[in-house]
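Subject: Structure handover

Hello,

Please find the structure below, ready for you to open. My notes on it follow directly after.

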Number of protein chains: 2
Amino acid sequence: MVNTRNMVADNYTPESVAEAVRKYDGVRRKQAIGSLVRSLHIDNIDVVASYGEDAAVIQNGRTALLLAADGIWNKLMEVDPYWAGYCAILVNVHDIAAMGGRPVAMVDVLSASDDAIMTEVSRGMHDAAVAFDVPVVGGHLHPDAPYNVIDVSILGVAELENIIYSSKAQPNDAIIAAIDLKGRIHPSAPMNWDSVTMKTSDVLRSQISVMKDLGERHLLTAGKDISNPGVIGTLGMLIESSGVGAVVDLTAIPRPDLDALGITFEQWVRMYPGMGFIMTANRSDVETVCKKFRKTGMAAQVIGTVTSTKKFTLVKGEQETVLFNFCEEGITNI
Amino acid sequence: MVNTRNMVADNYTPESVAEAVRKYDGVRRKQAIGSLVRSLHIDNIDVVASYGEDAAVIQNGRTALLLAADGIWNKLMEVDPYWAGYCAILVNVHDIAAMGGRPVAMVDVLSASDDAIMTEVSRGMHDAAVAFDVPVVGGHLHPDAPYNVIDVSILGVAELENIIYSSKAQPNDAIIAAIDLKGRIHPSAPMNWDSVTMKTSDVLRSQISVMKDLGERHLLTAGKDISNPGVIGTLGMLIESSGVGAVVDLTAIPRPDLDALGITFEQWVRMYPGMGFIMTANRSDVETVCKKFRKTGMAAQVIGTVTSTKKFTLVKGEQETVLFNFCEEGITNI
């Protein structure tokens, strides 16, 4: 039997995790969003929600149209165009799922410097589009670009009253993380937990549709898919846009066997988990929520509590540290 | 009075125009689309139309959801990020308008290498979004990219029965070009006719809404906004996707005073006209269609006829030449 006290991956402190998250590119690069949003904003009566949410919500009668776009980090495109194409679809499908919506269709803008890269990117996109059964229905191609860029945009639909927002977490809500721990560190990208390419379409679709189910049953107060900033960074964005605070118990965050994988806890919490959601819910709904994710093979558990402090605190046993103080500085500053 | 027979811009032949269009990057770079489309396609029952149209058409009850995406050529981004940002919005709004739809909202993915470029691009996007009253509601920002890229995607709505497709031109239809000739050669981009930045929002919105009106009255058989391939290249794409042919009278194509502008006719027909549509209609509807555009200050007239030949022929007086023979080679090969 392994003595967990001596395991390397357990040698983290709240401060070492806070440092790692604060300095992480995936989190830091969100800081430019605020000024961009302010420069672009124009009022529109049909727009129910926009920046700060995974997808914008546009009222169209009693239906909500969801619109999102995501680009893929250039570093990923350079090391693995197939996985970049796959991820371009994956993150967009998640943006709609996280809002409780049904993904309907996607469009892409692909800039490619050569045919080999174009082929690999579109192969990755095709495989992910088939796996999640969301068609790519159009877009634009720059076949002679001086760079390789894939940007995808997605349309989804939902009933307006069933939408799950990032911005509605309330003090005393439980914070729930749901992550598929059955996966691998992606061979091309050490900060990507690939929990998707080895799964059947049935498994992926059942996992992605949990959020829609939770939205229809009004079992969450807020939710977001876990993206590049990792589980803690993404939760930070949810907490910031809700105008609240959080206390997170680091020992409760779902994780695979990190020592077997040879990675630290600090790395794990920054990784993009492929299939993962961070949510808040009333205490009384926690078990129902977690069970729904577990039924699809995902780990799901309460990792903390929403507070009214505007501070985001990390705790491990007796130790604690303030990761973000939103009174002083935000992550996105939207 | 000027003797038009001696004017430089009139010294074109069908063959010189055909050569210029065939060799134009804006046309040639469409050839890679076909193989990309084949690699991405998956069947979906709700997708009424996709590739080959300016926007994909997705059935949602009796409503059609329109989804399109467009990127901006890197060369434009390099010379004028403000105009690139403006155009990113402009071309997307046109994609929805061309289908007879109402533009609802846009999302963008902006990659920028420095803050100055980011500011200029977003200033251009903001000004265009205000001018056309279509909000940018979200997206993604790469603040530390090794390149400058703006990709925008747009959502629109229409009644399914009122959609204007690119692919439904019929033999014997009249071909109509509508272009706003009141403009300037854009100082940063000699292949861009800027007919928009000097116009009031009211004028722009009235021009863009003509297509929606024509769709609702079922006055067109097909239509497309004139984009980078220019008036002839764009018509070529419409004719190709309709599986028909065309005879175009070059002398009928609306043009500003080319000699005063110091440009050739070959350049004019390749230019992106800012505000322009190419359409096909029953002969009996031609006058109604042209009048609607003229009321908004645009030039509109019949420039040719749809044929059943699968050949695209250019005519000037007694001279004629085959520009494209779609039996042998297509423009997009979708």
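This is a predicted model: local features need pLDDT of at least 70, side-chain atom pairs count only at pLDDT 80 or more; totals for chains, interfaces and linings use all residues.

Residues are numbered from 1 along each chain as its sequence is written, chains are lettered from A and ligands numbered from 1 in the order in which they are written, and side-chain values use heavy atoms, with hydrogens and water left out.

The two chains

Two copies of a chain are related by a rotation about an axis and a shift along it. Here chain B is superposed on chain A by a rotation of 180° with 0.0 Å of shift along the axis, at an RMSD of 0.0 Å (least squares on the C-alpha atoms of residues with pLDDT of at least 70 in both copies). That is the relation of a two-fold axis. Both copies use the same surface, as 100% of the contact residues of chain B recur in chain A (contact means heavy atoms within 4.5 Å). In chain B, the residue that comes closest to the rotation axis is B:Ser153, with its C-alpha at 3.2 Å.

Residues 52–157 of chain A are 40% helix and 38% strand, with the end C-alpha atoms 18 Å apart. For residues 195–315 of chain A the values are 39% helix and 24% strand, with the end C-alpha atoms 27 Å apart. Helices (H or I, at least four residues) and strands (E, at least two) are DSSP runs, numbered from the N terminus.

The seven-stranded sheets

In chain A, seven strands form an open sheet with mixed pairing, in the order E10-E12-E7-E13-E11-E14-E15 (two strands pair if DSSP finds at least two bridges between them). Its edge strands are E10 (222–225) and E15 (319–325) of chain A, each pairing on one side only. Neighbouring strands of this sheet are turned by 20° against each other on average, direction ignored. Strands E7 (residues 174–179) and E13 (residues 299–307) of chain A run antiparallel and are joined by six bridges; A:Ile179 has A:Ala299 as its bridge partner in E13(A).

Chain B has an open sheet of seven strands in the order E10-E12-E7-E13-E11-E14-E15, also with mixed pairing. In chain B, E7 (residues 174–179) and E13 (residues 299–307) are antiparallel, with six bridges between them, and B:Ala177 is partnered by B:Gln301 in E13(B).

Helices

Helix H9 (residues 230–242) of chain A lies across all of E7, E10, E11, E12, E13, E14 and E15 of chain A, at about 140° to E10(A). Axes are lines fitted to C-alpha atoms, for helices over the stretch in contact, and angles run from 0 to 180 degrees between N-to-C directions. In chain B, helix H5 (residues 81–98) lies across E10 and E12, at about 175° to E10(B). Helix H12 (residues 286–295) of chain B lies across E7, E12 and E13 of chain B, at about 145° to E13(B).

Regards
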